[in-house]
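I am opening this entry with the overall fold, then moving on to the aromatic rings.

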Amino acid sequence: MFSDARSKNVILVSHCILNQNSISDGTADFPGTNERVLKLLMDAGVGIIQMPCPELLCLGLDRGDIRGGEREVVVENTRIRGNLNKSESMKIINDLVNQVLFQIEEYLKNGFSVPGIVGVNRSPSCGVNTTSKDNREVDGQGVFMGELCRVLKDKGINIDMVGIKGAEMEKGIEEIRGLLHKA
């Protein structure tokens, strides 16, 4: 089964890596797509799974406040994180996590490699190594990534995660290359 040209390698990426238009106001580092990450993944021949944007799906494009972009990024991200932790948002996030989990399990069940997940550090939802909390960037995971990690661990699925950040793109590219060497 699946003996055609496909690589049988897939990597998951945060929504905003492929669509910066979905990101909260004042935080986009690229006009449309993080082209360096996209090119790296395309050149490696891996399939790219764009995970859903929990912030957009829970809070809307303006994240519930059209003036959010006027605040310092970590202050606005802390506000967003607080809204993501509310019960109505957590229901949506849990549904999104289950959708991502289903895809991962399907690929693994069918003999595909899933070498990693790429998130976005400092994000209140998709931070991997750092997130925004208490009006500052702190070590830890965003709300969505934290839930995804918990569910993967409960299922006994071990997938490496890396977090990238616009201001530290070279470091992020090297970490993604490390994931791709496992593909």
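**Fold and rings**

I read the order of elements from the N terminus as β-α-α-β-α-α-α-β-β-β-α-β-α. That gives seven helices and six strands in the chain. I note that this is a predicted model.

Next I looked up the overall dimensions. The radius of gyration is 16 Å, close to the 16 Å from the globule rule for 183 residues, so the chain is as compact as a globular protein of that length. Along the principal axes, I get a C-alpha trace spanning about 50 × 35 × 25 Å.

Then I checked burial and surface. Of the 183 residues, 47% count as buried. The chain exposes about 9100 Å², and carbon and sulfur atoms supply 49% of that area.

I also looked at contacts along the sequence. I took those between residues at least 6 apart, and 68% of them join residues at least 24 apart.

**Aromatic pairs**

How many aromatic pairs does the chain have? I count two aromatic pairs, with ring centres within 6.5 Å as the cut-off. I describe each pair by the distance of the centres and the angle of the planes.

I started with Phe2 and Phe112. Their rings are 5.4 Å apart centre to centre, with 75° between the planes, and the pair is edge-to-face. Why does this pair tie together separate parts of the chain? Phe2 lies in the segment before strand S1 (9-13), while Phe112 lies in the loop between helix H5 (87-109) and strand S3 (113-120), so the pair joins parts that are 110 residues apart in sequence.

I then went to Tyr107 and Phe112. This pair is also edge-to-face, at 5.1 Å centre to centre and 65° between the planes.

Put together, the ring pairs link Phe2, Tyr107 and Phe112 into a cluster.

Is Phe112 buried or exposed? I find Phe112 at 9% relative accessibility, so it counts as buried, the cut-off being under 20%. Phe2 is at 27% relative accessibility and counts as partly exposed. Tyr107, at 28%, counts as partly exposed too.

Definitions and conventions. Residues are numbered from 1 along each chain as its sequence is written. This is a predicted model: local features need pLDDT of at least 70, side-chain atom pairs count only at pLDDT 80 or more; totals for chains, interfaces and linings use all residues. Side-chain values use heavy atoms; hydrogens and water are left out. Rings of Phe, Tyr and Trp (its six-membered ring) pair if their centres lie within 6.5 Å; planes under 30 degrees apart count as stacked, over 60 as edge-to-face and the rest as tilted. Helices (H or I, at least four residues) and strands (E, at least two) are DSSP runs, numbered from the N terminus. Buried means under 20% relative accessible area, exposed over 50%, partly exposed in between (1.4 Å probe, protein chains only). The radius of gyration is taken over C-alpha atoms; the globule rule is 2.2 Å times the number of residues to the power 0.38. Contact means heavy atoms within 4.5 Å. Accessible areas come from the Shrake-Rupley method with a 1.4 Å probe; for residues, only the protein chains shown count as cover.
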